[in-house]
Amino acid sequence: MSEQVQDHDGHDEGRRDFLYITTGAFAAAIGAAAIWPFIDAWNPSADVLALASTEADLSAIEVGQSVTVVWRGKPVFIRHRTEEEIALANLLPEDLPDPQSDGERVLKPEWLVVVGICTHLGCVPLGQKTDDNRGEYDGWFCPCHGSHYDTSGRIRKGPAPRNLDVPEYAFLTDSSIRVG
Amino acid sequence: MSANSIETGAGGGLVKWIDSRLPIFSYMQKEYGEYPAPRNFNYWWNFGALAMFLLVTMIVTGLWLAMQYTPHVDLAFASVQRIMRDVNSGWFIRLVHVNGASFFFIVVYIHLFRGMYYGSFKAPRELLWMLGVVILLLMMATSFMGYVLPWGQLSFWGATVITNLFSAIPLVGDAVVTWLWGGFTVANPTLNRFYALHFLLPFLIVGVVGLHVVALHVTGSNNPLGIEPKSKQDTVPFHPYYTIKDSFGLGVFLVIFAIVVFFAPDFFSEPENYERADFLKTPEEIVPEWYFLPFFAILRAVPAIWFIEAKLAGVIAMFASIFVLFVLPWLDTAKVRSGKFRPIFRWFFWIFIANVLVLGYVGGKPPNETVFEGIESFDFLALGRITTAWYFIHFLVVLPLLGRFERPLPLPESISAAVLGTQKGGGPVGSGAAAKPMEKA
Ligand code: HEM
Ligand code: FES
C-alpha cells in the first residue's frame with residue numbers, strides 16, 4: 001500500500017494488517033503441519049506395505065479348478081480356465097458396465113488371476129468351489145447384494161461398479177506366479 | 001431458596017467452605033434441586049434420565065471389559081469368550097454392555113420421537129435439539145466400532161461393508177478407505193484404532209450431554225402441552241417431584257432390562273457373530289445391529305441418479321436421513337409445538353413412526369425377496385424405495401406444508417389451568433381465542 005493510513009492512535013494500519021495476516025498464516029501453516037502426522041499415522045505402515053508380494057505354485061491346479069491365495073491380506077482367485085470358459089470370456093457383449101476385453105485381463109488365457117473382493121462393498125464372491133453358486137455368467141456370484149461376474153471376472157449384473165481387480169503379477173516359471 | 005443458600009446439615013461448615021470456593025453444591029441445588037420443571041410431565045419425559053443412566057452403565061461396564069479384552073486379531077475373539085466363561089462375573093458385565101447398547105438406542109429413539117411429537121425442537125430449543133442429534137451420531141459411531149471388537153464374522157464383514165461405503169467418494173474414495181483401514185483390508189490396525197476410538201467416544205458423548213443439559217436448563221423443559229410455564233403455578237421443583245418420577249421409571253426399566261440380560265441375553269444379537277472372523281468367507285447374509293436397520297434400508301434403496309452412481313447415492317441418502325434432523329426446527333414451521341393440538345400432524349406423526357418401523361423391517365430382509373407371497377414383482381427393494389421416499393417426503397414436504405395449512409386446536413391458557421381442570425386441554429377455550437402463536441414465557 002503506497003498510502004500510509006493511520007488510526008486515531010497514530011498506528012500504521014497497513015503495517016498492522018500485514019503483521020496480523022502473516023502471523024495468522026504462519027500459525028495456520030504450522031497448525032496444519034502439526035495435524036498431518038496424526039492423519040498420516042493412519043496410513044498403512046511400513047510393515048504392512050512390506051507384505052506386498054505372494055508367490056503361488058500353479059502346477060497342482062487342474063483345468064477347471066480354482067484356488068485362493070492370500071495377498072496383502074486379501075483373497076486372490078486363480079482359476080485354471082477350461083476352453084469353454086475362455087471362449088465365454090472372449091464373447092464381448094456391447095453393454096458391459098466396465099468394458100474390457102479378456103485379453104486385457106490375463107497374461108495367459110488359461111490362467112485368470114483376480115482379487116477376490118467384490119468391487120461393490122468388499123464381500124468375497126462365491127464360485128471358487130465347483131458346486132458354488134457361480135451366478136448367471138458362470139464366473140462368480142457375490143451373495144451380499146447380488147453381483148454377477150463372468151469367467152473373466154468382469155461385472156455383468158448387479159450393483160458392483162467395476163470388474164474384479166487384476167493384481168499386478170508375473171509368471172516366474174510356466175507353473176508359478178508372483179503376485180504384487 | 002436462593003442459589004447461594006445451600007441446605008447445610010451436619011458438616012455444613014465444610015460444605016459452605018467448599019461451596020464459596022467452588023460452587024458445586026449450589027450448582028447441583030439450583031440445577032437439580034430447584035430447577036423449575038413444568039408440572040405436567042408425562043412418562044415420555046423419563047427417557048432423558050434413562051439415557052443418562054445407560055451412558056454411565058456403558059462406561060462402567062466398558063471400562064471393566066477393557067481390563068480383560070485384547071485388541072488383536074488373533075486374540076480378540078478368544079479374549080471375549082474368556083470374559084464370558086472364565087472371568088468372574090465377566091458374563092454379566094459383558095451382557096449388560098451388549099444389551100445396554102440396544103437399550104440405549106431404544107431409549108434414545110423414544111426420547112427423540114418424544115421431541116418430535118411434542119415439538120421440543122422448536123424455538124428456543126433448536127440448539128438443544130441439534131446437540132441431541134450430535135449425541136445420536138456419536139452413539140452410532142461408538143456402537144459401530146464396539147461391534148467390531150469381538151471380532152466375530154459380523155464384526156469383520158460389517159466393518160468391511162460399512163468402511164467400503166467411503167470408496168463411493170469420487171476420486172479419493174479408495175485412498176480414504178485404505179487410510180481408514182491402515183492396510184489393504186480390515187485388519188489388525190483397523191481393530192486397534194477402532195478400539196481406541198470406542199474407548200474415547202463415550203467420553204466425548206459425556207461432554208456433549210453436558211452441553212445438552214446446559215442448553216436445556218437455559219430454555220427450560222418443554223412439556224406435553226407445548227406451552228411455556230407462565231407462573232410458579234405451572235412448575236414444580238425438580239426435586240423431589242421428578243427425582244421420584246425418574247426413579248420409578250428407572251425401576252420399571254431395570255425390571256425389563258434385567259429380564260433381557262438374565263433370561264434372553266441373545267434377544268438382540270445375531271448368532272453368526274459367535275463365529276470367529278474369517279476374511280476368506282463372507283457370511284450368507286450381512287445384517288447390521290437392529291438399531292441401524294432403517295438406515296441400512298435407505299442405503300440400499302437408492303438407485304443411481306443422473307451422474308451419481310448407486311453406491312454414492314445410497315451413502316448420501318443414508319447420511320441425509322440423519323442430517324435432515326439437524327434442520328428439522330426449520331422444516332416444521334408450525335407455530336404450535338405439541339402434537340396434542342395439531343390434529344393433522346398427529347396422523348402424519350404416527351404414519352412416520354410406522355414408516356420408520358417398516359424401513360427397519362426392510363433393512364433386515366434380502367432386497368430381492370418378495371414381500372407378499374404371490375406378488376412376484378413387489379420385493380423388499382421396492383418396499384424400501386417407497387418407505388425411503390416417504391421418510392424424506394415427511395420432512396421435506398409434509399412438515400413445511402402442515403406448518404402453513406394446518407389449523408391447530410385452541411391452546412389452553414396455562415399449564416396449571418389445563419392440569420387443574422379449570423379448563424380442558426384441547427377443548428374450547430373460555431375466551432374462544434384461536435391458537436395463538438407460541439407464547440413467550
Ligand atoms: C456410548 C457408550 C457405549 C456403547 C453404545 C458401546 C457399545 C458397544 C457394543 C455394541 C459392543 C459390542 C458388543 C458385542 O457384540 O460383543 C461393545 C463392545 C466393547 N466395548 Fe463398548 N460401548 C460403549 C462404551 C464403552 C466404553 C466407555 C468402553 C471402555 C472404557 C467400552 C469397551 C468395550 C469393549 C472392551 C468391548 C469388547 C468386548 C465385547 O465385545 O463384549 N465400551 N461396546
Ligand atoms: S459387496 Fe458384492 S454385491 Fe455388494
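Predicted model: local features only at pLDDT ≥ 70, side-chain atom pairs only at ≥ 80, totals over all residues.
Let me begin with chain A, where the domain assignment gives domain 1, covering residues 1–43, and domain 2, covering residues 49–179. Taken over C-alpha atoms, the centres of domain 1 of chain A and domain 2 of chain A are separated by 54 Å.

The size of an interface is often given as the accessible area lost when the parts come together. In terms of residues, the contact draws 24 from chain A and 23 from chain B.

What kinds of polar interaction cross this interface? The rule finds zero salt bridges between chain A and chain B, although it does find four residue pairs in polar contact across the interface, both partners being at pLDDT 80 or more. As for the secondary structure involved, α2 (46–50), β2 (66–71) and β3 (74–80) of chain A each supply at least two residues of the side that touches chain B. Sorted by class, the residues on that side of chain A comprise 15 nonpolar, seven polar and two charged.

Staying in chain A for a moment, I would like to point out A:S147, which lies in strand β6, residues 147–150. Is A:S147 buried or exposed? Its relative accessibility is 1%, and because buried means under 20%, A:S147 counts as buried. A polar atom of the side chain of A:S147 lies 3.1 Å from the backbone nitrogen of A:A160. Leaving aside residues up to four places away in sequence, A:S147 touches a set of residues that includes A:C118, A:W140, A:F141 and A:I155.

Let us move to chain B, for which the assignment gives domain 1 (1–34), domain 2 (39–285) and domain 3 (287–408). The C-alpha centres of domain 2 of chain B and domain 3 of chain B lie 22 Å apart, and their contact takes 41 residues from domain 2 of chain B and 38 residues from domain 3 of chain B. Between them, domain 2 of chain B and domain 3 of chain B bury about 3600 Å², with 72% of it on carbon and sulfur atoms. In domain 2 of chain B, the residues losing the most area to domain 3 of chain B are B:M116, B:Y117 and B:K122, together 20% of what that side buries.

Between domain 2 of chain B and domain 3 of chain B, the count is two salt bridges. B:K122 also forms a salt bridge with B:D332, in which the closest N and O atoms are 2.9 Å apart. The polar contacts between domain 2 of chain B and domain 3 of chain B come to 10 residue pairs, both at pLDDT 80 or more. The elements of chain B that give two or more residues to the domain 2 side of this contact are α5 and α6 (126–148), and α6(B) gives the most, with 11 residues.

Finally, helix α4 of chain B, residues 76–85, has buried residues that include B:F77, B:V80 and B:I83. The buried residues of α4(B) pack against α3 (47–66), α5 (90–118) and α9 (188–219) of chain B.

Notes. Residues numbered from 1 in each chain as written. Chains lettered and ligands numbered in written order. Heavy atoms only, no water. Domains from an automatic or database assignment. Contact = heavy atoms within 4.5 Å. Salt bridge = Lys/Arg side-chain N within 4 Å of Asp/Glu carboxyl O. Polar contact = N/O pair within 3.5 Å; in protein donor to acceptor, adjacent residues only side chain to side chain. Helix = DSSP H or I, 4+ residues; strand = E, 2+ residues; numbered from the N terminus. Nonpolar A, V, L, I, M, F, W, Y, C, P; charged D, E, K, R; others polar. Buried < 20%, exposed > 50% of the residue type's maximum accessible area, 1.4 Å probe, protein only. Buried area = accessible area lost by both parts, 1.4 Å probe.
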